[in-house]
Amino acid sequence: MLSVIIAVASVRLLDVLMERRILVCVGSGGVGKTTTSATLALAAARRGKRTLVLTIDPARRLANSLGLETLGHQIQQIEPDLIGGTGKLYAMMLDQKQAFDEVVATHAKDPAAVQRILANPVYAQISGSLAGAQEYAAMAKLHDFDKSGQWDLIVVDTPPTAHALDFLDAPKKLSDAIDSPAIEWFRKLQGDGGSRWSFVGKTGSFVLKRLAKFVGSKFLDDLGVFFTEFNDVLGGFRARAEETYSLLRQPRVGFLLVASPEPMAIAEALSFHRRLSASNMPFVGFVVNKVHVPHPFVGGVPAVEAALAAHPAITALGLSGTTRTMAAQALVAAHTEVELLADGDRLAIEKLRAADAESLLIPVPLQRDDVHDVGRLIALEQFLLA
Ligand SMILES: Nc1ncnc2c1ncn2[C@@H]1O[C@H](COP(=O)(O)OP(=O)(O)OP(=O)(O)O)[C@@H](O)[C@H]1O
Ligand SMILES: [Mg+2]
């Protein structure tokens with residue numbers, strides 16, 4: 001059944017991996033986004049691609065499974081001997097706050113302004129809480145890496161879906177926040193490039209006086225200075241947001257939706273699929289990870305009992321006939337349970353197929369152990385790239 005499902009799509013994930021420049025793995029929590037991203041990045045590097053795997057998830061898992069002690073905002077190369085093949089693999093765990101500071105630095109008018117903005121207490125507040133700001137910074141970074149032309153492929157591992165949605169919406173959200181009436185009001189109070197609260201008018205002065213009572217006039221001054229300095233940055237932000245928004249819709253980008261066969265994860269994958277289609281994101285396919293593979297066998301308890309009786313290790317135990325029968329019954333019951341799980345997984349996969357008959361649908365079997373080293377990641381390649 002699994003092979004029938006795979007055969008529906010005419011493209012293979014291997015082709016996608018070799019052709020696209022950016023692959024984004026999204027999906028709900030714990031389904032295997034990081035594992036899939038790392039496996040794909042490794043697979044591309046092993047085939048000669050200069051690859052960067054960019055994680056936004058602060059979990060240490062990517063670092064650990066790629067044999068790195070730590071992973072942070074600096075790009076690190078993975079030990080080439082671990083990878084095999086001719087390409088090079090690099091990884092980075094993006095620090096979203098730092099990435100936001102970097103975007104600000106790009107757009108501020110001069111280095112002194114960068115220092116003033118970064119040191120401003122209002123900036124510290126805003127950069128952490130402005131809707132979509134951190135995610136926006138991640139996308140901006142991706143945009144920079146893409147533009148640098150340094151990478152044949154960038155694989156992006158995103159946080160769980162709820163945040164991944166923010167992540168996709170980030171450029172627009174930030175743009176909306178920048179254009180929000182509240183920010184516009186503050187900007188107007190500042191007047192044209194004044195560094196203090198000028199041109200505030202009667203209402204403005206009144207509101208500011210009242211505000212000062214609550215938040216202190218030092219805070220209001222910081223706010224004033226911040227909005228003046230930040231005004232230069234906003235224009236650049238908006239332009240970059242638009243570029244990033246269109247980057248994510250280009251055909252050289254591909255979105256892979258990772259899910260596990262559990263009902264919740266499938267429901268989320270379906271909803272995410274609708275979101276991607278509605279916003280014209282280039283969807284590549286579903287990866288259904290941790291699938292129970294069916295192992296049908298005929299013969300029932302008597303066949304298992306006969307097999308046990310013939311097995312040298314079991315014979316060595318000198319079990320009685322009754323004990324062997326009981327062991328065979330327990331084994332058959334356990335097998336039936338696994339078959340039921342496999343059956344449920346098959347139905348779950350069919351739901352995804354019904355939602356999208358064209359795209360890739362790749363089942364990856366549940367492995368006996370966690371996938372936490374390069375060897376195990378490479379072992380998953382055969383399923384992902386089948
Ligand atoms: N096919 C598989 N078989 C068995 N274990 C797996 C498989 N794929 C992933 N795992 C394990 O499942 C756990 C979660 O995987 P992973 O970290 O890739 O998920 P994630 O979607 O990135 O999670 P999060 O949402 O927390 O970022 C890990 O311990 C990983 O080793
Ligand atoms: Mg993860």
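Helices (H or I, at least four residues) and strands (E, at least two) are DSSP runs, numbered from the N terminus. This is a predicted model: local features need pLDDT of at least 70, side-chain atom pairs count only at pLDDT 80 or more, and totals for chains, interfaces and linings use all residues. Residues are numbered from 1 along each chain as its sequence is written, and chains are lettered from A and ligands numbered from 1 in the order in which they are written.

**Helix H14**

- Just after H14, asparagine 280 takes a positive phi of about 55°.
- H14 covers residues 263-278, which is 16 residues. At 1.5 Å a residue the helix should span 22 Å, and its end C-alpha atoms are 23 Å apart, which agrees. The expected span is 1.5 Å times one less than the number of residues.
- Ala265, Ile266, Glu268, Ala269, Phe272 and His273 are the buried residues of H14. They cover an arc of only 160° around the axis, so they sit on the same side of H14. The arc is that of the directions from the helix axis to the C-beta atoms.
- Pro263, Met264, Arg274 and Ala278 are exposed on the other side of H14.
- A residue is buried if 20 or more other C-beta atoms lie within 10 Å of its own, exposed if 12 or fewer, and partly exposed in between; C-beta atoms are placed from the backbone.

**The sheet**

- Eight strands form an open sheet in the order S3-S4-S2-S5-S1-S6-S7-S8, with mixed pairing. The edge strands are S3 (76-77) and S8, and each pairs on one side only. Two strands pair if DSSP finds at least two bridges between them.
- Glutamine 77 stands opposite tyrosine 90 in S4.
- Glycine 285 has leucine 360 of S8 as its bridge partner.
- S8 (residues 360-365) is mostly covered, with five of its six residues buried.

**Ligand 1**

- The shell around ligand 1 holds 20 residues; the closest are Lys33, Thr34, Thr35, Gln367 and Asp370. A residue is near a molecule if its C-beta atom, placed from the backbone, lies within 6 Å of it.
- H3 (33-46) and S7 (283-291) each supply at least two residues of this shell. H3 gives the most, with three residues.
- The shell divides into six nonpolar, nine polar and five charged residues. Ala, Val, Leu, Ile, Met, Phe, Trp, Tyr, Cys and Pro count as nonpolar, Asp, Glu, Lys and Arg as charged, and the others, Gly among them, as polar.
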